[in-house]
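Dear colleague,

Please find below the structure that I am handing over to you. My findings follow directly after it.

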Amino acid sequence: MEQVEQQTLETIVQKEAWTVDDHSALLKQLFRTHDAPRKFRKILAGMEAGCTDLRGSSALKIGIARYMLCRFDEALEALNNATDNKHRRFFQGLCYKHLRRYDFATEEFERARDRGWEDTEVEVHLIEMKALSGKPDEAAKALAKAKGKIGKTADFHYLQGLVRELSGDGNPAEAYEQARSIDEAHLGATFRLAYYYDLHGEEDQAVELYRQCISRPPVHANALLNLAILYEDAGKYDKAIACLRRILTSNPRHARARLFLKDADAAQTMYYDEDQARRIAHRNAVLDIPVTDFELSVRARNCLKKMNIRTLGDLVRTTESELLGYKNFGETSLREIKEMLTSKALHLGQALEQEDEFLTPALAPSPQDEQGGILSTPIGQLGVSVRVRRALETLDIQTLGDLAAKTEAELMACKNFGQTSLNEVRQRLGEHGLQLREAKSLSQ
């Protein structure tokens, strides 16, 4: 049986041009193949080595293959040189979607429709992009118009749940469950329902749903990442590491997976380098500087805004070719950007070149209280779970004193910080005779 499957896989790989049907067939064959990610990496490497001219159908094949391995930036580089047809535009839309560049994804899905892609499928993606890009009201209106076409499908209920979740209006879980009752394998509904339970402290249900997400193709990195975090929080480090290595087998350069793997390998022990932390804290402060703080031409400023590039940190994660590939962005604007970055000892693409350095979290300690004491104890010494630690880093909470100064509402407002995390924080503070600050009532 395995030999027959391999022959089928080879037949698809040897085709001169790929379509979305070939992509689906590849997924089915690879999912039944032992050690599929590693084998497909070798297939892609052979395709790339044998490609002397990355254009046309060859660029489309390699772009789709890179997308399948979750190498979305690299996939876009190839797809930009591919034959301009509905398949190229559709996969460009998918790449931008996973990179969370929803405006670009919308443009590509519209172009795929213009080039003959089935209206209903593209319409689902376009409504999804409206919701994910922070426009749930527009998504709701578009979904209402599309009800006549897709009202009885799993996609309709999935989008209904997504709109509810992102607008905070109604119970999204009910809609996601309805979608799954129609199509139990619906990846979008299963992932978002898992994420919903994850945020609301229902870890066991979230784990089961994430496991369903990775039990059938296509398997995307976010499901594996979130599952790894849940396993790590539960102290199941071997399972967390297995999830993260599964990602890295497909894409060794996956930034977050590499960072999380270091955490999992270290379990709950942390090596603290004060000099390194000081350097990283300074670097992060520079990377957080908004591009609007600099004198730029109107054209350059508008282009950066449309590309969702807000800070110097966004720029160092962007390549020169990406900027020049954007409409109306020319050499003059590029020169402005380069000069701006040079003034801060940075350059385009630096985060990609120096990946390890730019992945290191800033753990700079807070200055000690004059009297020292328990309030100046670094958060790193509390032994909190990885999920809580990352949330506290996001809020720039570095000591027990910083933590005790926060209210429950301030903590709960942080993404991925749910009731379980709050209970853990209360417990840790209680062990030191402390508690969270009480919010003042309106009458005070």
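**Leu230 and its helix**

Leu230 is located in helix α14 of what is a predicted model. With a relative accessible area of 4%, Leu230 falls under the 20% cut-off and is therefore buried. When neighbours within four places in sequence are set aside, the contacts of Leu230 are Asp198, Glu203, Ala206, Val207, Tyr210 and Arg387. Ala240 lies ten residues from Leu230 in sequence, and their C-alpha atoms are 7.8 Å apart in space.

Helix α14 itself covers residues 221–233, which is 13 residues. From first C-alpha to last, α14 reaches 18 Å, close to the 18 Å expected at 1.5 Å a residue. Eleven of the 13 residues of α14 are buried, so the helix is largely enclosed by the rest of the structure. Among those buried are Ala221, Leu224, Asn226, Ile229, Tyr231 and Glu232. The cover over the buried residues of α14 includes α12 (187–199), α13 (203–213), α15 (237–250), α16 (255–266) and α24 (386–394). After α14 comes Gly235, which has a positive phi, near 80°.

One of the covering helices, α13, contains Gln212. Gln212 is buried, at a relative accessible area of 16%. Beyond its neighbours within four places in sequence, Gln212 is in contact with Arg180 and Thr190.

**The protein as a whole**

The protein has 27 helices and zero strands. Of its 444 residues, 45% count as buried. Among contacts between residues at least 6 apart in sequence, 55% join residues at least 24 apart.

In soluble globular proteins, nonpolar side chains tend to be buried together. In this model, the largest nonpolar core has 63 residues, of which Leu304, Leu312, Leu315, Leu323 and Ile337 touch the most other members. Helix α4 gives the most to this core, with seven residues. Neighbours within four places in sequence aside, Leu323 is in contact with Leu304, Met307, Ile309, Leu315, Thr318, Phe329, Leu334, Ile337 and Leu348. There is also a second, separate core of 49 residues, with Ala173, Ala189, Leu209 and Ala257 among them.

**The pair α4 and α5**

How do the two helices α4 and α5 pack, and at what angle? Helix α4 (residues 56–68) packs against helix α5 (residues 72–79) at an angle of about 170°, and their axes are 8 Å apart. This makes α4 roughly antiparallel to α5, since angles over 145 degrees are classed that way. On the α4 side, the residues that meet α5 are Ala59, Leu60, Ile62, Gly63, Ile64, Arg66 and Tyr67. On the α5 side, Phe72, Glu74, Ala75, Glu77, Ala78 and Leu79 take part. By class, the contact of α4 with α5 comprises nine nonpolar, one polar and three charged residues.

**Ala142**

Finally, helix α9 (residues 136–150) holds Ala142. Ala142 has a relative accessible area of 19%, and since the cut-off is under 20%, Ala142 counts as buried. Not counting residues up to four places away in sequence, Ala142 touches Ile127 and Lys130. Leu126 and Ala142 are 16 residues apart in sequence, with 9.0 Å between their C-alpha atoms.

With kind regards

Notes: Residues are numbered from 1 along each chain as its sequence is written. This is a predicted model: local features need pLDDT of at least 70, side-chain atom pairs count only at pLDDT 80 or more; totals for chains, interfaces and linings use all residues. Side-chain values use heavy atoms; hydrogens and water are left out. Helices (H or I, at least four residues) and strands (E, at least two) are DSSP runs, numbered from the N terminus. The expected span of a helix is 1.5 Å times one less than its number of residues. Buried means under 20% relative accessible area, exposed over 50%, partly exposed in between (1.4 Å probe, protein chains only). Contact means heavy atoms within 4.5 Å. Axes are lines fitted to C-alpha atoms, for helices over the stretch in contact, and angles run from 0 to 180 degrees between N-to-C directions. Angles under 35 degrees count as roughly parallel, over 145 as roughly antiparallel, 65 to 115 as roughly perpendicular and the rest as oblique. Ala, Val, Leu, Ile, Met, Phe, Trp, Tyr, Cys and Pro count as nonpolar, Asp, Glu, Lys and Arg as charged, and the others, Gly among them, as polar. A nonpolar core is a set of buried Ala, Val, Leu, Ile, Met, Phe, Trp, Tyr and Cys residues joined through side-chain atoms within 4.5 Å.
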